[in-house]
Amino acid sequence: MASAARGLRVMPRLLPLFCALLLLPPPSLQGPARAPHIKKAEAAAAAPGEALRYLHSAELGEALRALEATAPPGLVRLFSIGQSVEKRPLWVLRLTAGLGPERPEEPPGGAALPGRPQVKLVGNMHGDEPLARPLLLRLAWELLLGWAGGDERIVRLLNTTDLYLLPSLNPDGFERAREGDCGGGGAEGGRENSRGRDLNRSFPDQFGDAEPNLEPVPEVKALIEWMRRNRFLLSGNLHGGSVVASYPYDDSPTHRLTGVYSKSADDEVFKYLAKAYASHHPIMRTGKPNCPGEEAETFPDGITNGAQWYDVEGGMQDYNYVWANCFEITLELSCCKYPPTSELPKEWENNRESLLAFIEKVHIGVKGFVRDAVTGAGLDNATIAVAGIAHNITAGRFGDYHRLLVPGTYNVTAFVTGYTPVTKENIEVKEGDATEVNFSLQPTVMPPAPNATQATAAPAPVTAITPTPAQAEASHPTPVHQPIQPVDFRHHHFSDMEIFLRRYANEYPSITRLYSVGKSVELRELYVMEISDNPGVHEAGEPEFKYIGNMHGNEVVGRELLLNLIEYLCKNFGTDPEVTDLVQSTRIHIMPSMNPDGYEKSQEGDKGGTVGRNNSNNYDLNRNFPDQFVHVTDPTQPETHAVMAWLKSYPFVLSANLHGGSLVVNYPFDDDEQGIAIYSKSPDDAVFQKLALAYSKENAKMYQGSPCKDMYPTEYFPHGITNGAQWYNVPGGMQDWNYLHTNCFEVTIELGCVKYPKAEELPKYWAQNRRSLLQFMKQVHQGVWGFVLDAVDKRGILNATISVADINHPVTTYKDGDFWRLLVPGTYKITASARGLGQSVEFRQIWSLEISNKPNESEPEEPKIRFVAGIHGNAPVGTELLLTLAEFLCMNYKKNDAITKLIDRTRIVIVPSLNPDGREIAQERGCTSKIGQTNAHGRDLDTDFTSNYTRYSAAREPETKAIVENLILKHDFSLSVALDGGSLLVTYPYDKPTQSVENKETLKHLASVYANNHPVMHLGQPGCPNKSDENIPGGVIRGSEWHSHLGSMKDFSVTFGQCPEITVYTGCCYFPSAGQLPGLWADHRKSLLSMLVEVHKGVHGIVQDKSGRAISKAAIVLNEGLRVYTKEGGYFHVLLAPGFHSIDATASGYQQKHVKVFVRDDAPSSVFIVFDTENRIFGLPRELVITVAGASMSALVLTACIIWCVCSIKSNRHKDGFHRLRQHHDDYEDEIRMMSTGSKKSLLSHEFQDETDTEEETLYSSKH
């Protein structure tokens, strides 16, 4: 071996010989017919036991190049997909028959071969788990020899499979790892890359909070880019540390450490693939790895769901499936992470057959081509959908597709934009090779667009308080012809609904746009079909309308009616005057199913049941919205969150939520303060009654008011409408949230007594509701509408307030200043106003600008940063810098990736001028002038933030009061940056004299980040006139050490706002000339942007109890000093200096939790805290309190029984409790109505009770 190695350096032609010497398999694997050059290599081979060993990076490259040189032409290609941190190549060996010569225009490795599925095996992702390196090399050699020897299995495999082997994704980590280290040495032992990053925690994650930064992980970045250039179908990620095959998902939305089975849509396929590997491995298939220290760990059949084993956020296998349509599993190959070289032959024997069998599984399922039926050309990116599996794949550039499926019978649909979808039904998939199914899609031929002219109205800005007559309701036109009626009357499961929606989006692109507002728990899309003459665009002055169906999964009539409505509107646009006018004058959004997961569980024929009512987390979505009267404690569900975000993104005016189980239109409010069935009147009660009647009067049966006589014989709704709370109390309902938190008026429509009727009854429902659906949509045009414009530049004003006298419900304008206000006919006084945070002494507005991808919407998981300038009016540089920053961010949004990510993940609030009165009198070029420093009362605002603010707030300056009450005391900011002038440095709290500074290292670190990103500031020599010798180390100093004073804004922000704040002094001159501003912006731009990056760091955490319920307002104490509180959803975020920090979390009723966290300077740290229930109650042991309480309850029950018996003997007149209620019907009428178990929606009926509560939980719930 030594002589061969020496010869390598002087005789390059011996390289193939050396490769054979290292990788030659045992004699038993050698075939009878070898190519001459392979035989020559074997002639000098060493004993088989010497064939396997670990190769360092340079040796690995040499061995791979030798293997490529030894292979027959067209079989092997070696290339690199990128480099590691330390510039080592990430080698990939491609093996497949028929490779042509490399072409410069092709990507590294060459182009894909049509119809040949791509498989990849990736090894050594953790540097200290290197077993895959020698195994994949041996596998490559095994395939090469098998091909040369005519091995039937190998020849078939390489003729039909495009195989890629990546022996080491983390070559830098491998170089640090130590042979024989079975437990792994962490970062120092080579697990992570050279920047200390775990590559298997660095991928985008479907349940993660933010897009990961890929710059520190060039290995991951290279792999992702490689995957995007290819269409891998199957993949294995080879690890070490146990013996098991793990499959997606690797994490869950809760990120619970272990024990959560996180099921993918292809769970059966993944289990099949994992078993294919495990069943051929002599140890893995037993399910008992018997690893040292984990002897009790078992895996049935040798496989496990990743998250059930332990939660891995940012893992590679989930990224493959969710983002790349590649089915990847993770293979743990040995208990020892870095086995000794002596064990490698045995490990090869254990894994050889498993590797081959796994690769062969790429050929299962269905495959074929999707072609244009006219030209025969392959259709690139055609979507392949399998009914019942909520995970589609796409075809390759030649129209070729391959869909992995386990044996069974399937309905498969192919669709692509511009073509009519085709479904092949009852396709039988057998064990073994895939069933071939080809698709020919007909191009869609669109009729010419109608030559209709939309009527437009001149802008009518509201500029004064004037009486305005509301529009009278227009009668619906009489159609001059019979419109085309829907024909697709059947129940649509999710895959069928998706195909239906895509079909109409493809066939009517000029008036439709299909989009999704988010995903359900089980990751089904929440689809919305937009129908408009200008889809995708908000037209100024045109109102927006929405229908939502299937909020309760087992109430399905609304789902089908909305699909019918889509078909009706599309087919009649341009020919039916009523439909054409509606589509041209309204932007219509239709969500057929808000709860697609529940629908899949529900059962046809269900009359009044609850199976499928709730979402997959078993929460009622119509009890899940924030409520004005009741604190909703259930965690906000993905569907709820998506819909709330959707409503904040569009200027909806009118909406209906379609349900089932009765026949009535229900309008706000849905609940009241007392929580009983009582009329709960909204300020717009008259408008809501009119809207409800517009629907009910077109439905004859509904208008009669006695809908379900066989089910609820006493239920009566005059004219088919009812106030929600008067019917029954619904806290957390969607319709009230619409009205209170957006400009949208929503009603709830119950469409029929049967929740899930038989399919043959659906045409009847359409006939009953068609006119109602159309007439209700027309109501969006009732009332008043107009524009609010700036009197100076005539631009529309966003978020101006429109108030109607005597109606306590304002609405706001949209981005063009346009507004719509639904009103009943009458005469009204309407006021338009626009304000900032507040006003100065001289009544100038103090403006606040929020920059976010979802402005005005609460997103507690996102960090929020505040920039404030102009606290001293004579120092307006900060004002100009912040205005330029805002312009820079907005202009680069969706144009620059880095800026787009910052805005998408950050809530940025800018207050350009806190002292506008002082600014008005300040003098340009007044570098040292104090004119304008104070406000109009002569008060220095940076001395007005006193500690006794809350007690004497009435005496505070209006400017101070505005920012304190509207921003600082909201307690939702992670960082604040104040900009002032007069020097060139950064100060951190405190400005007041103090002996110690809590959290000093963090505050100083934040100040240093700003200073270090400034070209001069960090030098620490401001060089200001009269202070030319001033020296500020690093450009950072504590405020009290520079200019000590009381009542500063940053001291108040830290102490009372729970937000760290630094003050940036932008330059020596208070008020420089305008010509100097571009240079100042150039100096400060990087520093300002660095604050937007820094606000994402520190510690992000979630606090939950053991049931997964988020705990808000829990106290988070850091380093036994700094205290913050969790927000809605249990989130908290705090900025901390790099290093170790301790966290103590406390909440009433729970045990205190103590954790330690390491904060890095280049990335955020995450903490997941799970509370245990407090073991002491009233200072006594929980068990004692429960025992005493239980005994007391028993005694109380016994006493009650005795009293009841005595009373029963004395009272023969009333035989039961129901008889007594009937005797006093008038007194108990409300209670009977509320508690009747016959009512379909009674919250006291057994269907809605949680029977899992323990006696202990019941005891304490009764106390509250």
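This is a short chat about a few sites in a predicted model.

Colleague: Which residues does UniProt list for "active site"?
Modeller: E332 and E750, and the entry is unreviewed. The annotation may be inferred rather than shown by experiment.

Colleague: Start with E332. Which strand is it in?
Modeller: E332 is in β8, which covers residues 327-334.

Colleague: Is E332 buried or exposed?
Modeller: Buried. Its relative accessible area is 6%, and the cut-off for buried is under 20%.

Colleague: What is E332 in contact with, leaving aside neighbours within four places in sequence?
Modeller: There is a run of H239, G240, G241, S242, V243 and V244 among the contacts. M284 and W309 are on the list too.

Colleague: Now E750. Where is it found?
Modeller: In strand β25, residues 745-752.

Colleague: And is E750 buried or exposed?
Modeller: E750 is buried, at a relative accessible area of 0%.

Colleague: What does the E750 side chain reach?
Modeller: The backbone nitrogen of G660, at 3.3 Å.

Colleague: Change of topic: helices. At what angle do α5 and α12 cross?
Modeller: Roughly 60°. Their axes come within 10 Å. Helix α5 spans residues 132-148 and α12 spans 344-360.

Colleague: Why is α5 called oblique to α12?
Modeller: The crossing is at roughly 60°, which makes α5 oblique to α12. Angles of 65 to 115 would count as roughly perpendicular, and those under 35 degrees as roughly parallel.

Colleague: Left-handed or right-handed?
Modeller: The crossing of α5 and α12 is right-handed.

Colleague: Which residues meet there, from α5 and α12?
Modeller: From α5, P134, L135, R138, L139, E142 and L143. From α12, L344, E347, W348, N351, R352, L355, L356 and I359.

Colleague: Last one, S1040. Where is its place?
Modeller: In helix α28, residues 1039-1042. S1040 is buried, with a relative accessible area of 16%.

Colleague: What does S1040 touch, not counting residues up to four places away in sequence?
Modeller: Y990, D991, K992 and P993. The C-alpha atoms of S1040 and Y988 are separated by 8.8 Å, with the two residues 52 apart along the chain.

Colleague: Which side chain is joined to that of S1040 by a polar contact?
Modeller: The side chain of R1038, at 3.1 Å.

How values were computed. Residues numbered from 1 in each chain as written. Predicted model: local features only at pLDDT ≥ 70, side-chain atom pairs only at ≥ 80, totals over all residues. Heavy atoms only, no water. Helix = DSSP H or I, 4+ residues; strand = E, 2+ residues; numbered from the N terminus. Buried < 20%, exposed > 50% of the residue type's maximum accessible area, 1.4 Å probe, protein only. Contact = heavy atoms within 4.5 Å. Polar contact = N/O pair within 3.5 Å; in protein donor to acceptor, adjacent residues only side chain to side chain. Axes fitted to C-alpha atoms, helices over the stretch in contact; angles between N-to-C directions. Parallel < 35°, antiparallel > 145°, perpendicular 65-115°, else oblique. Left-handed = near helix turned anticlockwise from the far one by under 90°.
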